[in-house]
Amino acid sequence: MPRMVHFDVSAGDPQRAIRFYENVFGWKIERWEGPMEYWNITTGSPDQPGIDGGLARRDEPWQGITPVFDVPSADEFARKIEAEGGTLVQPKTAIPGVGYLVSFKDTEGNVMAVLEADESAA
């Protein structure tokens, strides 16, 4: 059963957003070493309940705070999403060294994403 494993925060001004979240919540935010402009967010210690996230520059108007669910197959879940009345807003996209992401709107207009973990994604 897919579970929420991550969240993404989109920002018009990433540095401003980083300052905000660090100062308000005390989150640790560090630049990702990957090929895209992205920052990893640590929200607490690993022994506490909760999930960590990431922050990226907003590219599309629909981007906000996006919950990300782990799935075994991005393609399979994209088909299920559309069959049940959801709409894909970003088709299957490779995140190098991480996996494949599909962003979608559910039947109520909420934006979410599914992630198929695959370190060989390029």
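Thr42, Thr43, Gly44, Ser45, Pro46, Gln48, Pro49, Gly50, Ile51 and Asp52 line the second largest pocket of this structure. The model is a predicted one. The volume of this second largest pocket is about 150 Å³. By class, its lining holds six polar residues, three nonpolar ones and one charged one.

The largest pocket comes next. Its volume is about 660 Å³. A total of 26 residues line it, and Asp8, Met36, Tyr38, Ile95 and Leu101 lie nearest its centre. By class, 13 of the lining residues are nonpolar, eight are polar and five are charged. Which strands supply at least two residues each to this lining? They are strand 1 (4-11), strand 4 (53-57), strand 5 (65-70), strand 6 (87-95), strand 7 (99-105) and strand 8 (111-117). Strand 1 gives the largest share, four residues.

Now take helix 1, residues 14-25. Helix 1 has twelve residues. From first C-alpha to last it reaches 16 Å, close to the 16 Å expected at 1.5 Å a residue. Its buried residues are Pro14, Ala17, Ile18 and Tyr21. These residues lie on the same side of helix 1, because they cover an arc of only 105° around the axis. What do the buried residues of helix 1 pack against? Their partners are strand 1, strand 2 (28-31), strand 3 (39-42), strand 4 and strand 5. The face turned away from the buried side carries Arg16 and Asn23, both exposed. Just after helix 1 comes Gly26, with a positive phi of about 75°.

Helix 2 spans residues 74-83. Which of its residues are buried? Ala74, Phe77, Ala78 and Ile81 are. They cover an arc of only 105° around the axis, so they sit on the same side of helix 2. Strand 6, strand 7 and strand 8 are what these buried residues pack against. On the face of helix 2 turned away from the buried side are the exposed residues Arg79 and Ala83. Just after helix 2, Gly85 takes a positive phi of about 100°.

Strand 7 is one of the strands that helix 2 packs against, and Ser103 lies in it. Is Ser103 buried or exposed? Ser103 counts as buried, because its relative accessibility is 4% and the cut-off for buried is under 20%. Beyond its neighbours within four places in sequence, Ser103 is in contact with Trp62, Leu88, Val89, Gln90, Met112 and Ala113. Of these contacts, Leu88, Val89 and Gln90 fall in strand 6, while Met112 and Ala113 fall in strand 8.

Val98 sits in the loop between strand 6 and strand 7. Its relative accessibility is 32%, so Val98 counts as partly exposed. Not counting residues up to four places away in sequence, Val98 touches Trp32, Leu115, Glu116, Ala117, Asp118 and Glu119. How far apart in space are Val98 and Asp13? They are 24 Å apart, C-alpha to C-alpha, and 85 residues apart in sequence.

Pro2 belongs to the segment before strand 1. With 35% relative accessibility, Pro2 counts as partly exposed. Setting aside neighbours within four places in sequence, its contacts are Phe69, Asp70, Val71 and Phe77. Phe77 is one of the buried residues of helix 2.

Arg31 is partly exposed, with a relative accessible area of 44%. Leaving out neighbours within four places in sequence, Arg31 is in contact with Met36, Glu37, Tyr38 and Trp39. Met36 and Tyr38 are among the residues that lie nearest the centre of the largest pocket. Arg31 and Ala56 are 25 residues apart in sequence, and their C-alpha atoms are 10.0 Å apart in space.

Key:
Residues numbered from 1 in each chain as written. Predicted model: local features only at pLDDT ≥ 70, side-chain atom pairs only at ≥ 80, totals over all residues. Heavy atoms only, no water. 1 Å grid on protein atoms, 1.4 Å probe; cavity = no way out; pocket = protein on both sides within 12 Å on 5 of 7 lines; lining within 4 Å. Points joined across faces, edges and corners; volume = space filled by probe spheres on them. Nonpolar A, V, L, I, M, F, W, Y, C, P; charged D, E, K, R; others polar. Expected span 1.5 Å × (residues − 1). Buried < 20%, exposed > 50% of the residue type's maximum accessible area, 1.4 Å probe, protein only. Arc of directions from axis to C-beta. Contact = heavy atoms within 4.5 Å.
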